[in-house]
Amino acid sequence: MRLVVTAIFAVVLPLAGLSAQRPKDVVPMFRPLSVSGEAAPEMYRYSLRAYESCDPTNCVKALLFTPRPVGMNPLPVVVYIPGCGEIGDVSRQFRQRAIFDRVTSAAFQEKYPCFLLAVSPPETAGTMLGGMPDRPSSLQRSVHDFVVALCTAQRRPRADMSRIYITGYSYGGNGAYALAQHFPGTFAAAVPIAALPPLPEYFSKERPGSWWHFHNEGDYSGHGIATDGLRAFAALVNCAGGDFRVGTFPAEGHDAWTTAWREDAVWDWMFSKSLKGPVRQLTKKGRMAEPVSLSLSKAECTASVEGIDHAHGPERAVDGLDATWYESARPFSQGDWWQVDLKTPVAGRVELVSGDGSGGKLLKGAFVEGSVDGRRWTRCGAFSAKDGICSFVSRGKVRFLRVKSASVRSQAICLRRLRIFKDGK
């Protein structure tokens with residue numbers, strides 16, 4: 001880790017790029033920010049440096065975590081905007097530590113080496129929303145330019161300008177939407193959390209983008225927030241060739257971000273995105289990360305036995321999240337089943353994971369069968385007694401998958417996750 005002192009020396013770079021000596025007529029976009037007091041130990045703990053913009057109208061500040069170089073490869077950047085209670089002074093960022101603990105951890109950086117840029121808009125900024133289509137507000141422009149300038153300035157390692165991602169919650173979730181919509185050529189993926197639904201008029205047909213929206217169902221229903229806007233925006237994005245996913249948690253309260261950032265699938269999906277097309281992330285050990293499974297947002301799930309409650313209904317097995325799963329209200333007999341209609345036939349590697357995530361409730365004596373038409377079924381694979389996983393490569397295209405018990409003894413069914421990797425990749 002680097003020791004953070006009250007004076008931080010850094011090379012200040014203009015947006016245009018690196019130069020040995022800055023011309024006198026070029027105004028720098030940002031400068032180092034001195035941080036002392038109670039925030040200094042936190043800066044040291046997370047290996048952070050502080051910066052502020054040179055914009056006199058909108059003074060944007062940020063904390064930057066720099067990863068260790070991985071050869072000569074440029075590395076991706078995760079841009080994060082916090083809630084309204086954490087903006088302004090950078091020391092307030094430590095009121096919410098979830099993303100710092102996750103992204104700067106050794107385990108995370110081992111799998112996904114990346115920068116973390118935690119942005120603090122001015123305390124006086126009432127909202128990150130606003131502006132007209134193709135006409136961002138001055139605050140949105142200031143935050144965007146500040147982010148791009150800092151990313152452009154990085155040299156050891158360099159920042160991959162085609163793989164800048166943005167996330168945030170509440171105020172910052174709205175900010176993630178606003179910046180990704182107003183500047184569609186900047187961010188390769190956006191993960192807004194606990195944010196208001198996006199407005200379709202800001203949709204870019206030329207750059208539909210990649211989005212994964214999260215919220216707690218109780219938070220939306222408790223505040224009377226309709227999901228019509230989400231569905232409308234998702235349809236626009238997906239029909240234009242983009243990727244819009246919705247993740248919901250069956251919980252009350254506003255805090256959906258802590259759960260969302262714990263999901264490995266979210267980060268796997270995010271780091272697979274690039275403005276230049278899909279990528280497979282190279283880890284520090286030189287291995288390629290796992291590919292990303294297909295989106296199953298249109299899949300329809302049914303079961304002969306309902307879930308134990310709304311939080312564990314049949315559809316929870318295909319949302320791609322470890323925090324939710326299907327759990328049957330009573331044990332399955334040999335005639336019971338859980339089934340998913342994928343809507344469109346696919347071919348590839350299929351993986352069904354059972355259990356509750358704690359190592360319990362793993363399926364034994366159960367199998368999966370597939371069908372292209374829902375009438376003729378072929379047995380595809382069985383759940384392993386060792387880890388409760390059923391994995392197979394489909395012999396042809398399948399549209400329907402069905403889980404049935406082969407055990408003579410009834411057992412509760414707990415399906416945690418379904419993943420399908422196209423064409424067996």
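Two strands pair if DSSP finds at least two bridges between them; strands (E, at least two residues) and helices (H or I, at least four) are DSSP runs, numbered from the N terminus. This is a predicted model, in which local features need pLDDT of at least 70, side-chain atom pairs count only at pLDDT 80 or more, and totals for chains, interfaces and linings use all residues. Residues are numbered from 1 along each chain as its sequence is written, and side-chain values use heavy atoms, without hydrogens and water.

**Exercise 1.** Trace the open sheet of 4 strands that contains S11.

Solution. 
1. The order is S11-S18-S13-S16, with antiparallel pairing.
2. Strand S11 (326-327) and strand S16 (389-393) are the edge strands, each pairing on one side only.
3. S11 is joined to S18 by 2 bridges; Tyr326 has Leu415 in S18 as its bridge partner.
4. S13 and S18 share 7 bridges, and Leu415 in S18 is also the bridge partner of Ser354.
5. Strand S13 (residues 348-354) is joined to S16 by 5 bridges, with Leu352 opposite Cys390.

**Exercise 2.** Explain why strand S18 is largely enclosed by the rest of the structure.

Solution. 
1. Buried means under 20% relative accessible area, exposed over 50%, and partly exposed in between (1.4 Å probe, protein chains only).
2. In strand S18 (residues 414-422), 8 of the 9 residues are buried, so the strand is largely enclosed.
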